[in-house]
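Hi,

Here is the structure I promised to send over.

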Amino acid sequence: MTDFAQPLGVVLDPVQGGAEPAFPGYLTEILAHAGLPYEVVPAPDPRFAVLVVTAAVNTDAGVLQPWLGRGGRLLVLGDPGPLAELAAVRVTAPVAEGRVVFAPAPAWGTPPDVPLRAFGGVRMAPAAAASVVARWDDGSAAVTVRRVGAGTVMVIGADLCQSVVRIQQGWPVVADGVPPSDGTSPVDDGVLKVDDGIALSYEQDRALPAGEVFEPGFAHAWPPDAVAPYFHRPHADLWRHVLLRTLWWLAPAATLPWLGYWPAGVPAIGHLSHDTDGNADPDAAVALETFAQCGTAATWCLLPPAPGGGPALSPETIARITAEGHELGLHFDAHSPGRGFTEAELAAQLAWARAAGGPVTTNKNHYLRWQGWDDFYRWCSAMGILVDGSRGPGTQGNVGFPFGTCHVAYPLGALPVLMLPLHFQDLAWTIQPPIAEAVLGQVLAHHGVLHCLFHGANMRLSPETRRAATAIVELGRSLGLRWWTAARIGAWERARRGVTLRPGPGLLHIDTELPLEDAAILIPLGDSPIPTVTGAPLRCAVVQRHGIAHLEIALTLLPGRTTLHLT
């Protein structure tokens, strides 16, 4: 199908040091989570059918001309630098922050239905040889495409990697955030939390549910009396989607397979978490009964007793939680009097949780407290916390996707703690179920995780919340979701990261470190005929992922090498 030896090579901009984080290197995290086969190379290499360059500071355009002439495909992320002439563009200005409006294009088909928030990049002016397929909000070129011989050069002038990281991890939290003018998200409450660092715009990146009208004078009430705008689109995931669709468009037909995010046939995952605020056994009993009605295991984040001897769940209740199949995690408290946001405090509370509940490896911060940027992830990494679910909304006006994602991901810097995004708290008590259903729709479209947080105290007070919990689980299940604990999500993702796909002419080698039951190998079909696959016990189906048809090859992967033959 192609005379190139390998499908995808990545040339990373060398990091020169300085105060700014090394955003270009995050491309490898994006590709690894997508399960794509790729190789990092120090310079453009003609072995590859597709090359991705993150800021082309030291790239020689002359080296690429012959490769493009025989059909090579080049994707430049950020400033094209010395490749600008090859791409038939001229850089006109840097961009610190802006929005990118996408037009329909062969690369991604139907474009994102909202302008995408971007951090970093350049504005461009194209020559006649280049086509503009996306523009900055001032009308200047943001994404261009040019044919060169039999090959293609595409420039995404927005800094895609920086945008994904900044949206997912926000800004460092050193002071209260600035609330929106409509009064729906009073983050300036004197308590430092994750939502003080939201990088998305309250004014431009939220919307009301379909058919709703905002009434001035919004007042927080439980249950809510009025509807607030919410972060209705996962901007970081939309950037990931644009990148993946572009790579599949650039790659020769059916040569860029990937490892599905979830087991074969599963479009997305649901996750229920429960915080034990108040530590009252009767509240816990109501939550346990509700989760039993849902038929779903949850992750219970245990709040340590307050300094001086506050309440704690009884050993009998904790034993019941584990006996009924739930996971125990920590609810790190840096909010109560006498407790600080420090590494030593986290270590002490984690030791308490492990003494009470066994090998705790999941955390969510009480009150979603946060300070700094990634210090907390460094502490978690040193202490064996493998999944953190603290990054989410704290008010009725910032639910949905305040950090732009429904995907688990590692933070910048390859820290070994998965960020598990949170989307809303206490259905029917803090937000209306239609918003949750709309968020679920986006999770399905992007094949991520829907994270619903509940508190037993609110479940006890609100029969509607108990009914809404059961309803969202049943709705998700009817749409194909499986409901997993944080520990199971983390274990699955870590096992995925141990799988390496090595495609070649007519075959696919799969190297596996840990067993992965019912894995999904996905081959974009495009206009290609469906290949016949042999070489292992498997089953095949055609599924839609990221908006296009894929051949899904379902098989159990065992440690070692599995080889599939495609004809």
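Let me start with the charged pairs: the count comes to 25 salt bridges, taking a salt bridge as a side-chain nitrogen of Lys or Arg within 4 Å of a carboxyl oxygen of Asp or Glu. Before you go further, note that this is a predicted model, where local features need pLDDT of at least 70 and side-chain atom pairs count only at pLDDT 80 or more, while totals for chains, interfaces and linings use all residues. Residues are numbered from 1 along each chain as its sequence is written, and side-chain values use heavy atoms, with hydrogens and water left out.

- Arginine 47 pairs with aspartate 45, with 3.0 Å between the closest N and O atoms. Arginine 47 is partly exposed because its relative accessibility is 33%, and aspartate 45 counts as buried at 19%.
- Aspartate 333 and arginine 339 form a salt bridge at 3.2 Å, N to O, and both residues are buried.
- Arginine 378 and aspartate 374 come to 3.0 Å at their closest N and O atoms. Arginine 378 is partly exposed at 42%, whereas aspartate 374, at 10%, is buried.

There is also a network: Glu29, Glu493, Arg496 and Arg497 are joined by salt bridges that share partners.

Next, the sheet. Helices (H or I, at least four residues) and strands (E, at least two) are DSSP runs, numbered from the N terminus. An open sheet is formed by 4 strands in the order β12-β24-β27-β26, with antiparallel pairing; two strands pair if DSSP finds at least two bridges between them. At the edges sit β12 (258-259) and β26 (539-545), each pairing on one side only. β12 is joined to β24 (residues 516-524) over 2 bridges, and leucine 259 has isoleucine 521 of β24 as its bridge partner.

Finally, a helix pair. The axes of α4 (residues 160-169) and α5 (residues 235-250) come within 8 Å and cross at roughly 155°; axes are lines fitted to C-alpha atoms, for helices over the stretch in contact, and angles run from 0 to 180 degrees between N-to-C directions. α4 and α5 are therefore roughly antiparallel, a label for angles over 145 degrees.

Cheers

Terms used. Buried means under 20% relative accessible area, exposed over 50%, partly exposed in between (1.4 Å probe, protein chains only). Angles under 35 degrees count as roughly parallel, over 145 as roughly antiparallel, 65 to 115 as roughly perpendicular and the rest as oblique.
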